[in-house]
Amino acid sequence: MSLGLTCLLILLASCSCCQHRTCHCAGRIFICQESKVVQLPRDIPTNATELRFVLTKMRVIPKGAFTGLRDLEKIEISQNDALEIIEANVFSSLPKLHEIRIEKANNLVKIDQDAFQHLPSLRYLLISNTGLRFLPAVHKVQSFQKVLLDAQDNIHIRTIERNTFMGLSSESVILRLNKNGIQEIKNHAFNGTCLDELNLSDNHNLEKLPDEVFQGAIGPVVL
């Protein structure tokens, strides 16, 4: 068999798993960028390394949506104004996943407390411009990497509870919590973390930090 024919067969094989009415692939990147997408496709290629859901009309990201996608490295869910709920185990047990972006989803009001679990490679988590009233439970992430949690422009988030970030990373963390609606941060909120940087700017109703807010934390180096 000639080299050219072999390459053609490999190319056809890689394309055959990505035929879809409303989504498409670019290499191992699975892209849904269409308002006709109203529910999560069930035929996401198992070898996908990146998922992009942009401008869709999905109301729910269902439980265990990405289970078994063990090569997955990045997920983007953005500009989805119909999205309301992300259920349990959506971002769970994905060993290579290092970047999650959830942004411009103003009607997203619930991320299940078990949505983020066992993500040893996670380095970047963006949650921005949502309708969330509480920060998601990130303490079950258990990353072995330095993690940047970028939670901005969530104007309905009022309170940061104690032990919120414990378990996010076994290494250091950067927390960018600016431009939210934070009014209160509880004592021990950063317990169990090694804080490289904490940004709380533009939370206009946050007037003070309690005396023991950093109890149990190392840092922050930069506040």
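S78 belongs to strand β5, strands being DSSP runs of E at least two residues long and helices runs of H or I of at least four, all numbered from the N terminus. With a relative accessible area of 2%, S78 is buried; the term stands for under 20% relative accessible area, against over 50% for exposed and in between for partly exposed, using a 1.4 Å probe and protein chains only.

Two notes on reading the values come next. Residues are numbered from 1 along each chain as its sequence is written, and side-chain values use heavy atoms, with hydrogens and water left out. Because this is a predicted model, local features need pLDDT of at least 70 and side-chain atom pairs count only at pLDDT 80 or more, while totals for chains, interfaces and linings use all residues.

**The chain as a whole**

- The protein chain has 1 helix and 16 strands.
- Along the principal axes, its C-alpha atoms fill a box of roughly 70 × 35 × 25 Å.
- Of the 223 residues in the protein chain, 46% are buried.
- Among contacts between residues at least 6 apart in sequence, 60% join residues at least 24 apart.

**The open sheet**

- Nine strands form an open sheet in the order β1-β2-β3-β5-β8-β11-β12-β14-β16, and the pairing is mixed; two strands pair if DSSP finds at least two bridges between them.
- At the edges are β1 (24-26) and β16, each of which pairs on one side only.
- From one strand to the next, the twist averages 10°, with axes taken as lines fitted to C-alpha atoms (for helices over the stretch in contact) and angles running from 0 to 180 degrees between N-to-C directions.

- β5 and β8 are parallel and share 5 bridges; here S78 has E103 of β8 as its bridge partner.
- β8 is mostly covered, with 5 of its 7 residues buried.
- β8 also runs parallel to β11, and 6 bridges join them. R101 stands opposite L126 in β11, and I102 has I127 of β11 as its bridge partner.
- β11 is largely enclosed by the rest of the structure, because 6 of its 7 residues are buried.
- β11 pairs with β12 in the parallel sense over 5 bridges, and L125 stands opposite L149 in β12.
- β12 in turn pairs with β14, again in the parallel sense, over 4 bridges. L149 stands opposite L175 in β14.

**The largest nonpolar core**

- The largest nonpolar core holds 58 residues, and F66 and F91 touch the most other members. Such a core is a set of buried Ala, Val, Leu, Ile, Met, Phe, Trp, Tyr and Cys residues joined through side-chain atoms within 4.5 Å.
- Strands that each supply at least two residues of this core include β2 (29-32), β3 (50-54), β5 (74-78), β8 (99-105) and β11 (124-130), along with β12 (147-152), β14 (172-176) and β16 (194-199).
- This core lies between domain 1 (20-145) and domain 2 (152-222), because both give residues to it.
- Leaving aside neighbours within four places in sequence, F91 is in contact with F66, I75, I77, I86, I100, I102, A115, F116, Q117 and L119.

- Across the interface, 16 residues of domain 1 are in contact with 17 residues of domain 2.
- Domain 1 and domain 2 bury about 1,400 Å² between them, 51% of it on carbon and sulfur atoms. Buried area is the accessible area (1.4 Å probe) that two parts lose on being put together, summed over both.

**G181, a buried loop residue**

- G181 lies in the loop between β14 and β15 (184-185), and counts as buried at 9% relative accessibility.
- Leaving aside neighbours within four places in sequence, G181 is in contact with N154, I155, I157, R158 and N203.
- G181 and L122 are 59 residues apart along the chain, and their C-alpha atoms are separated by 26 Å.

Definitions and conventions. Domain bounds come from an automatic or database domain assignment. Contact means heavy atoms within 4.5 Å.
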